[in-house]
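I am keeping these notes while I look through a model, going from strands to sheets, then to helices and a few backbone angles.

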Amino acid sequence: MKLVIFGLTVSSSWGNGHATLWRGLIRALAARGHDVVFFEKDVPYYAENRDLERLDGATLVLYPDWASVLPQARRHLADADVAMVTSYQADALDATALVLESAAPVRCFYDLDTPVTLDALATGKPVSYIGPDGLRGFDLVLSYTGGTALTDLQTRLGARRVAPLYGHVDPLVHRPVPLDEQYRADLSYLGTYAQDRQATLERLFIEPARRMPDTRFLIGGAQYPQDFPWTRNIWFRKHLPPADHPAFYSSSRFTLNVTRRAMAEWGWCPSGRLFEAAACGCPVVSDTWEGLDTFFAPGREIVLAESTEDAMAALQMTDAERTALARAARERTLAEHTSERRVIGLEAVLQDALRPALAVAEPLAVEA
């Protein structure tokens, strides 16, 4: 199949969770013989933090403005099997109009930010990447979030055919590597600063650091404010490109996963960071949300923490307990949560969407 995708970014992992996910999906799609063309607007903040220049086995089109790229987009859509627009695409409304008027057999929308979308609709806020007709014109709507969010995409936005396409990891990129002293930590946290994560970060990371002054904590990420409540034993590394993630995770005794508020409230929305850390052999301490136990078994493959005391107790696990936890999570991830496994599920959903007679308004299953 030829897939033409109008997305937010694949060239820069700075301040977003889309790029790393797309890199894994595109590599897996290409490995399975599919042709992928990815259109990304060349905006300054991604250009200044670009950590990928070309896609192996696929085509990356960086364009300055919609008018200039329109002829090229039309040429690629002319023989596309799947035409896709994603959430937060810089020219999403124009891309949607182009995709819906195309002859592509499957016209698809992929919402990688479903909780944000649905929260905005519930509070009357505008959603820049969805027009007044909602998602009615698309043959298929993919969602990074499962559970009740799938039904809401149908009832609130008119999606006719929906399926979850969850986070995943590329094990060729994320794998155990030797310890790197600059990333050594008893508990690490990798993520862009977000105010709606701050209360949980305070409870599960900052307060444990205050109470355990002889323990080393490490944060990696972008956009942290000057008034962030640092302690003497919290170290900081600014934005880390994906190439450095394996060393970051492999040098941590544990890493913390903190979920954005909307994602946690909707549930069924695993961050790609969960799978990255597990693939690198790093045990994960995570906040809790509905559906998490579908992806990892609590207590055996992941540690769930609601309180400061829970996080501190995790750090006091024996090396044997920690190693067993890490091994089980890595085995589960490689078996069920790789980019290739998601692509296999995606292929099945797309093949179903190619059969109009089978089109129903029922949620379709993509492997968790």
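How many of the residues of strand E1 (residues 2-6) are buried? I looked this up with the reminder that the model is a predicted one, and I found that five of the five residues in E1 are buried, so that the strand is mostly covered. I then noted which way the side chains go: Lys2, Val4 and Phe6 point one way from E1, while Leu3 and Ile5 point the other way, and all are buried.

**Entry: the neighbour of E1**

I next looked at strand E2 (residues 35-41), which runs parallel to E1 and is joined to E1 by five bridges.

**Entry: the seven-stranded sheet**

I traced the open sheet of seven strands and recorded the order E3-E2-E1-E4-E5-E6-E7, with parallel pairing. At the edges I found strand E3 (59-63) and strand E7 (162-164), each of which pairs on one side only. From one strand to the next, the twist averages 20°. Further along the order I checked strand E5 (residues 106-111) and strand E6 (residues 140-143), which run parallel and are joined by four bridges; here the bridge partner of tyrosine 110 is leucine 142 in E6.

I then asked what packs on this sheet. Helix H1 (residues 18-31) does, touching E1, E2, E4 and E5, and its direction makes about 155° with that of E2. Helix H4 packs on the sheet as well, where it touches E1, E4 and E5, and its direction makes about 160° with that of E4.

**Entry: the six-stranded sheet**

I found another open sheet, formed by six strands in the order E10-E9-E8-E11-E12-E13, and its pairing is parallel. Its edge strands are strand E10 (234-238) and strand E13 (303-304), each pairing on one side only. Strand E9 (residues 217-221) pairs with E10 in the parallel sense over five bridges, and I noted that glycine 220 has arginine 237 in E10 as its bridge partner. Helix H10 packs on this sheet, touching strand E8 (185-190), strand E11 (252-257) and strand E12 (284-286), and its direction makes about 155° with that of E12.

How do H7 and H12 lie to each other, roughly parallel or roughly perpendicular? I read that the axes of helix H7 (residues 195-211) and helix H12 (residues 308-315) come within 8 Å and cross at roughly 65°, and the two helices are therefore roughly perpendicular to each other. The crossing is right-handed. Arg203, Leu204, Glu207, Pro208 and Arg211 in H7 meet Thr308, Glu309, Ala311 and Met312 in H12, and by class this contact has four nonpolar, one polar and four charged residues.

**Entry: two positive phi values**

Most residues other than glycine have a negative phi, and with that in mind I noted two residues. Tyrosine 88, although not a glycine, has a positive phi of about 65°; tyrosine 88 is in the loop between strand E4 (82-86) and helix H4 (92-101), and its relative accessibility of 37% is why it counts as partly exposed. Tryptophan 268 has a positive phi near 55° and lies in the loop between helix H9 (261-266) and helix H10 (272-279). Because its relative accessibility is 24%, tryptophan 268 counts as partly exposed.

Note on methods. Residues are numbered from 1 along each chain as its sequence is written. This is a predicted model: local features need pLDDT of at least 70, side-chain atom pairs count only at pLDDT 80 or more; totals for chains, interfaces and linings use all residues. Side-chain values use heavy atoms; hydrogens and water are left out. Axes are lines fitted to C-alpha atoms, for helices over the stretch in contact, and angles run from 0 to 180 degrees between N-to-C directions. Angles under 35 degrees count as roughly parallel, over 145 as roughly antiparallel, 65 to 115 as roughly perpendicular and the rest as oblique. A crossing is left-handed if the near helix is turned anticlockwise from the far one by less than a right angle, and right-handed if clockwise. Contact means heavy atoms within 4.5 Å. Ala, Val, Leu, Ile, Met, Phe, Trp, Tyr, Cys and Pro count as nonpolar, Asp, Glu, Lys and Arg as charged, and the others, Gly among them, as polar. Buried means under 20% relative accessible area, exposed over 50%, partly exposed in between (1.4 Å probe, protein chains only). Two strands pair if DSSP finds at least two bridges between them.
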